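This briefing accompanies the chain shown below. Please keep the sequence and the structure in view while reading.

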Amino acid sequence: MIIFSNLLPWLWLGVLVICCVIEALTLGLTTIWGAIAAFPLIFIARTSLPLKWQLLIFAVLVLVLVLFTRPFVVKKLKIGKDKTNVNTMVGEEVLITKTITKFEKGEAKAKNGVIWSVTTADGNEVKEGSVAKVISVDGNTLTVAE
């Protein structure tokens, strides 16, 4: 049992590293709290505190960190709001490069040069060469109004 207790700091270091690697791969602010909680346990494990109490301390630390710091960090980092910047297209003007009809999508060129599939909200025809304003984005299709 003494040999096992000498390995406990390494166990917590392993938990810290694994949590950091998972967080780096997912960027979801989920396992970072486990990594933060594992750090002080590396030092606590060097005492004679039994493993069950170390696990309890770890669980309490993770719970406290998640409940009290995650909402603040998510708000400050704006995690989960917009995964891409495509929603910044709303309100922008685009040049129609292929006529939009009631039954067929058209194409439009954005200011940055990207060609998008476009449709209209009301089903009206929009001629090639017209300038239209983006009113919404649905997947990879812009909904425009003239």
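The expected span of a helix is 1.5 Å times one less than its number of residues. Helices (H or I, at least four residues) and strands (E, at least two) are DSSP runs, numbered from the N terminus. The model is a predicted one, in which local features need pLDDT of at least 70 and side-chain atom pairs count only at pLDDT 80 or more, while totals for chains, interfaces and linings use all residues. Residues are numbered from 1 along each chain as its sequence is written, and side-chain values use heavy atoms, with hydrogens and water left out.

**Overall form**

- The chain holds 4 helices and 5 strands, and their order along the sequence is α-α-α-α-β-β-β-β-β.
- The chain is more spread out than a compact globule, because its radius of gyration is 27 Å, well over the 15 Å that the globule rule gives for 146 residues. The radius is taken over C-alpha atoms, and the rule is 2.2 Å times the number of residues to the power 0.38.
- The C-alpha trace spans about 80 × 25 × 25 Å along its principal axes.

**Surface and contacts**

- The accessible surface of the chain is about 10,000 Å², with 66% belonging to carbon and sulfur atoms (Shrake-Rupley method, 1.4 Å probe).
- Of the 146 residues, 27% count as buried (under 20% relative accessible area, 1.4 Å probe, protein chains only).
- Among contacts in the chain with a separation of 6 or more, 50% come from residues 24 or more positions apart (contact means heavy atoms within 4.5 Å).

**Helix α2**

- Helix α2 covers residues 32-44, 13 residues in total, and reaches 19 Å from its first C-alpha to its last, close to the 18 Å expected.
- Its buried residues are Trp33, Gly34, Ala35, Ala37, Ala38, Leu41 and Ile42.

**The barrel**

- The 5 strands of a closed barrel run β1-β2-β3-β5-β4, with mixed pairing (two strands pair if DSSP finds at least two bridges between them).
- From one strand to the next, the twist averages 55° (axes are lines fitted to C-alpha atoms, and angles run from 0 to 180 degrees between N-to-C directions).
- Strand β4 (residues 131-138) pairs with strand β5 (residues 141-145) in the antiparallel sense over 5 bridges.
- Val134 has Val144 of β5 as its bridge partner.

**Thr143**

- Thr143 lies in strand β5 and counts as buried, because its relative accessibility is 12%.
- Beyond its neighbours within four places in sequence, Thr143 is in contact with Thr119, Thr120, Ala121, Lys133, Val134, Ile135 and Ser136.

Methods
Buried means under 20% relative accessible area, exposed over 50%, partly exposed in between (1.4 Å probe, protein chains only).
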